[in-house]
Amino acid sequence: MKVQDLKPTSLLIRRTSQRLEARKSAKSATIRATTTTTITKSINKAAIAKKINTATKVINKPKPQTNAASPSSSSPSSLPPRCLWCTSDSEYINYHDTEWGRAIRTDSRLLFEFLCLEGAQAGLNWLTILKKRDAYKRAFSDFDVAAVAKYTDADAVRILGGGEGIVRNKLKVASVVQNAKAVLEIEKEGRSFADYLWSFAPTVKRHRVVGDAAVALTEESEAMSRDMKKRGFKFVGATICYAFMQAVGIVDDHDAGCFLNVNSRDYGKWQIVDGEWRKEKEL
C-alpha cells in the first residue's frame, strides 16, 4: 500500500508515533550520557579525595618523640625519676628534691616545725599543709619553741580567727602549744629535742629495694609514739610519727626507683645546675 492510499487520520497517527519514538530515543541517550558523566565525575572525585586523604595522613603522622621525663633521655630537659607520690606540682617536687628524707640531726627548731606540720596534716593531704607552710610559720613565731610555749588563749583566738591562713582546727592549734611545752621538758633533762628524736632511729638504716611494699608505721614509730604520748605530746600517733621520721630522714623511704634512693642506679648522678637538674653525662 502506498502512502497516498492511507487515510489522512492513519497517516497522522503513524507520523506522530514516529516522532514520539524519536524523542524517547534522544531523551534516553541524553540520560545515559548524563549518568555516565556523573558516575565518572564521582569516581574521579572519590579517587582524588582518597589521594588527598592519604597524603594528609602521611603529612600529619605523629613523629616518634622521646619522653622528656625519662631518666634515660640525654636531653637537658630530662627529669630525674622520683618517688611515685611526688606529683607534678612544682612546690611538691621542690620539697621532695631538697627536703623530704634528708637527715635533720641537730636543728631542733626545724624538727619541731616538721612535727607540728605532720600533726596538722592528720586527715588531710600533705600538699595542702605544704602550701600553707609559710602561714603556719607566721602563726607560730617561726616555730620558736620557747615563744610558742608561752602562747595564751588570746593567741589561740587570733590564730583561729582565720586571718593566719592555716587550717582552723582548735585541737590542732592547741597541740602545737602543748608540744612546745613538752619539748622544753625534754630539754630540761639535759639533752636536745633532736637527740631525743634520733634515739628512736632504726639500729640498721634500710633503703628500699625493688619489690618492697610501702608501710605506714614501724616498731620504731610505735615506740616513739608511745613515749611522746606519755610526755604529753598531741597528734603523735604511730602513723604520724612514721611520716615524721620519713620527712626528717630518721628513716630513708624513697622509692626503689627514685634518684635519691642509694640503691637506685641513678643515685648520685643528678646535680642542680643553674636551677635545673642535670644528669652527669649532660654536665
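Predicted model: local features only at pLDDT ≥ 70, side-chain atom pairs only at ≥ 80, totals over all residues.
Student: Understood. With that in hand, which residues does His-254 touch, leaving out those up to four places away in sequence?

Tutor: His-254 touches Cys-83, His-96, Trp-100, Gly-101, Arg-208, Leu-260 and Asn-261.

Student: Where in the chain does His-254 lie, and is it buried or exposed?

Tutor: His-254 lies in the loop that runs between α11 (238–247) and β1 (270–273). Its relative accessible area is 3%, so His-254 is buried, the cut-off being under 20%.

Student: What does UniProt list as the "binding site"?

Tutor: The unreviewed UniProt entry lists Cys-83, His-96, His-254 and Cys-258 under that name. These residues span 176 residues in sequence, yet no two of their C-alpha atoms are more than 10.4 Å apart, so they gather at one spot.

Student: Turning to Cys-83, where is it found, and which residues does it touch beyond four places in sequence?

Tutor: Cys-83 is found in the loop between α1 (8–60) and α2 (90–98). With residues up to four places away left out, Cys-83 touches His-96, Trp-100, His-254, Asp-255 and Cys-258.

Student: Is Cys-83 buried or exposed?

Tutor: Cys-83 is buried, with a relative accessible area of 2%.

Student: A change of topic: how do α10 and α11 cross?

Tutor: The axes of α10 (residues 219–230) and α11 come within 8 Å and cross at roughly 115°. The two helices are therefore roughly perpendicular to each other, and their crossing is right-handed.

Student: Which residues make that contact?

Tutor: From α10, the contact is made by Glu-220, Ser-221, Glu-222, Met-224, Ser-225 and Met-228. From α11, Ala-238, Cys-241, Tyr-242, Phe-244 and Met-245 take part.

Student: And the chain as a whole: how many helices and strands are there, and in what order do they run?

Tutor: The chain has eleven helices and two strands. From the N terminus on, the order is α-α-α-α-α-α-α-α-α-α-α-β-β.

Student: Finally, what percentage of the residues count as buried, and what percentage of the contacts join residues at least 24 apart?

Tutor: Of the 283 residues of the chain, 35% count as buried. Among contacts between residues at least 6 apart in sequence, 62% join residues at least 24 apart.

Conventions: Residues numbered from 1 in each chain as written. Heavy atoms only, no water. UniProt positions renumbered as here; feature names shortened; annotations may be inferred. Helix = DSSP H or I, 4+ residues; strand = E, 2+ residues; numbered from the N terminus. Buried < 20%, exposed > 50% of the residue type's maximum accessible area, 1.4 Å probe, protein only. Contact = heavy atoms within 4.5 Å. Axes fitted to C-alpha atoms, helices over the stretch in contact; angles between N-to-C directions. Parallel < 35°, antiparallel > 145°, perpendicular 65-115°, else oblique. Left-handed = near helix turned anticlockwise from the far one by under 90°.
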